[in-house]
Amino acid sequence: MRSRPMTPLIMRFCLVLYCVAFTTVHPITGAHAQDSAPSSNWTRLPGTAVDISINSDGQAYAVAPNGTPWRWDAIEQRWRKMSGNFVRISAAEGNRPWAISADGVVYRYNGLWWENKDTDVADVAADTQGNVFIAKVSGEIKKWYPLRSEWRPIDGSAYRIALDRTGNPWAVARDGAIRGYDGKTWTTMPGRALDIAIAGNGTVVIVDAEGQIRTWNATQRSWRIVAGISGATAIAATPDGGPWAVVAGGAIMATTLLVAPEKIKTEQGRAPEIRAPDAVAPVDSAPAAIAPDVTAPPPPPAAAVAPPAAQAAPSTAPVAVATGATASPVTPTAGATAQGTSRTVAPSTGDDASVDPTTVTTTDDITFTNTRENATALAIGRDGSVFALNAAGSVFRWSNSRKRLEDFPGTLVRLAVDANGDPWGISTLGRVFRHTGKLWKQIPGATGSDIAIGGNGSVVIADASGSLSKLNEAMTRFDRIPGQGILVAVDPDGTPWTIRSDNLVQRCEQSPCEVLSQKAKSVSIGPDGSVYIVSANQFLMRLGADGKTFEVVQTPGHSPESVAVGPNGFPWVVTTDTVVLASKFFERDEQNDRLVAASTVGDTTGSGDTAAVVDVASPSAFTFSKNITFETFTADLNTIDEIAVGQDDGFYLYGTPLNQGANQFQKFNTKTKKLEQVSLSFNQNVEKFDVATDGSIWTNGNSSNSIYKLSSTGTIQRTYSVTSGNIQNISIGPDGTVYAVISGKLYHLKPGTNAFTKFSNDDVRKVAIGRAGDLWIADNNNIVQQYTGTRFENRPLGQSVTVEDIGAGTDGSVYVTVFENSAYALKKWNATNGSFDKVNNVTANMVDVLSDGRPWITNTSSGTDVKRAKD
């Protein structure tokens, strides 16, 4: 094999390692060490903490000041919330951390809930080899023996504890004395410490008595300072020895970032150590990251800990029954596991090898586990592969081993999974795609509004008009078949089931379809033939033995929004607050999942024809009518220059005050229902702005060639140079992409990149981003257009609608304001009819849209009041 030149990425990586290796550092008082140290590069991570821990596999955990534990997502670079309430935490093997509550109870996370293991504990340390030690409040040290499920004491005393690469403890006493254990004797080290951690490469790190970070030099038997921060209170270390620290105020600082291997691949396709090279960010400006809120009370200090409250526990409480349905609550048998099943495999099929075990319907009770993940849609294949979409249309695949949804390439608004576990889907433009196991491939000329795959492999799509089509055997085209419906599912025999635009469920075995006396908003069929729906009034229901009526399946504490059914008839549910509930984790070979995701080529943009993607009406969500009820709020401003609904779903505006003083930036307080001024340290205007998911404000200020990323309080976090010109509009998409209109051209900054690049040469004045990155613009002539994946087209097609403003929500809603008949009007895009429908009872010249589709509007020609559509 010929040698290759070193790539810039590898060179940068090696340079970082070289610099770390030769960093000079300060001594601890009384210990032999060098007397000076250059400042290290510390990065401020999102969130705040009181304790942190990282294992040798690079899994990181933190405990927030309110006691909530969080797990670091190395792919998305954010914290994911866990259940429980603690003061200390230790990463261990797999995603099974140990933690200590405020009253000294030590717990182990079993993947579903926290198990009580002992009391009167001051600290706990665990490693990826299964070694676990605790330091009792009394100072006694004990080791966990899992085979006998018991603690055994060892010699020594500790208040803080860490484990080295051999599984032996290092200890910090209450007086700060530091000792290391070799399995037989304790050795005293110089100096004093507040906290201690040991990295996967053996680097020992402490917080000294003055709050400085130091690493152990075994050759010189001294502690070397890691300069750059002070006032540390807790410490952890990444696999390559890079310290993480919690400093005064709870800020989390890092010298080395934990990045998923997929994001730092080398030329040979192999990931280097989990260390991220050259990752430096401003120390004082990163805002706290907010993970999806899953409520879970602190674990009780009893001998046995119940599953968190956010988990759907079995229940026999009476449930309401949808009209026309037979109530048959599903109750668990005694001794059911947290998954709600007394078996972990499919029911026996005897000696008949011809029977697919996935087609045997379970006889177990259906109860649900809260996965602690969020999604807006699910689909499950016959092999047990679970795929999901979020509000932005990003695709994810469930990992049993890592207990989370992991990134998968593609952007879709409808989803299905075939027998091989490969996803299929429909883009926001109605184009149909399938994943071959290696790449995304468009079905030529096919468009649709929904897609489903039956147990026999039949692929059926429904279009916005309700017509059904089936994929031919050559997979080259969809042929029209009898039947009608907006949403579709397919049973194991290939028979479509649909939901009509009026919410009625149909079985389309013959023409016309058989109408069942049940309304629904979601339908799914498993490979065993189990038919599940989510009723129009938010009940999860299963088709009964009579094949005509549906019985309620309980989801205690949760309101279902959609359902997907997997092998043996086990359903997964997305709730109205986007929480994913699982009734079964399907065992399958996941070995190649990440490889497939990382090596996928192609995309889900496509080309050619487009079509509307529509939903059935939902009485539980905001729905459009030609008259909308609005609430009015007073801005107390003289003029309004700009309004925006941020990706955090907050409503913001900017304008001049009544006293003609300095311009004000205001945010709507959803609790007090008032607009409140936000004092910003930024000393420029923010007339062109948008707000990201983390609350950061993006604006050009007074600049014509810079875009600033500000904290929520106005501190400049980063400045991006852009092509010089008139910056006319800034808008942020659900996936975090920042769009800027500069002198009539559209530029964008993709997540993870460092520069704005031109998106297209089309003339643009204003841009709005809806579901799954759906782009809408007003061009320089104020004509409204939608991006087709290759170009912008007028909407409606063939017409030229002149607009004043445009706004889009992640639910797919698109609103525009127009000036017609000598007055301003608000209109909403009707994808089914391909038209803009007027809202009769309101006037507006500015608009933006919440994630649930409700518009915020104002008519600046008549005042500065703002209005929000009611639920």
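The largest cavity is lined by 19 residues, and R71, Y109, T371, R372 and K403 are those that lie nearest its centre. This is a predicted model, in which local features need pLDDT of at least 70 and side-chain atom pairs count only at pLDDT 80 or more, while totals for chains, interfaces and linings use all residues. Residues are numbered from 1 along each chain as its sequence is written, and side-chain values use heavy atoms, with hydrogens and water left out.

**Cavities**
- A cavity is a set of points, on a 1 Å grid over the protein atoms alone, where a 1.4 Å probe fits but cannot get out, and its lining residues have an atom within 4 Å of a point.
- The structure holds four cavities of 30 Å³ or more, and the largest has a volume of about 260 Å³, a volume being the space filled by probe spheres set on the points, which are joined across faces, edges and corners.

**Lining of the largest cavity**
- Strands (DSSP runs of E, at least two residues, numbered from the N terminus) contribute here, since β5 (78-81) and β26 (369-374) each supply at least two lining residues, and β26 gives the most, with five.

**An open sheet**
- Four strands form an open sheet in the order β31-β32-β33-β34, with antiparallel pairing, where two strands pair if DSSP finds at least two bridges between them.
- The edge strands, each pairing on one side only, are β31 (414-417) and β34 (440-447).
- Between β32 (residues 423-426) and β33 (residues 431-435), which run antiparallel, there are three bridges, and G425 stands opposite F433 in β33.

Definitions and conventions
On a 1 Å grid over the protein atoms alone, a cavity is a set of points where a 1.4 Å probe fits but cannot get out, and a pocket is an open set with protein on both sides within 12 Å along at least five of seven lines; lining residues have an atom within 4 Å of a point.
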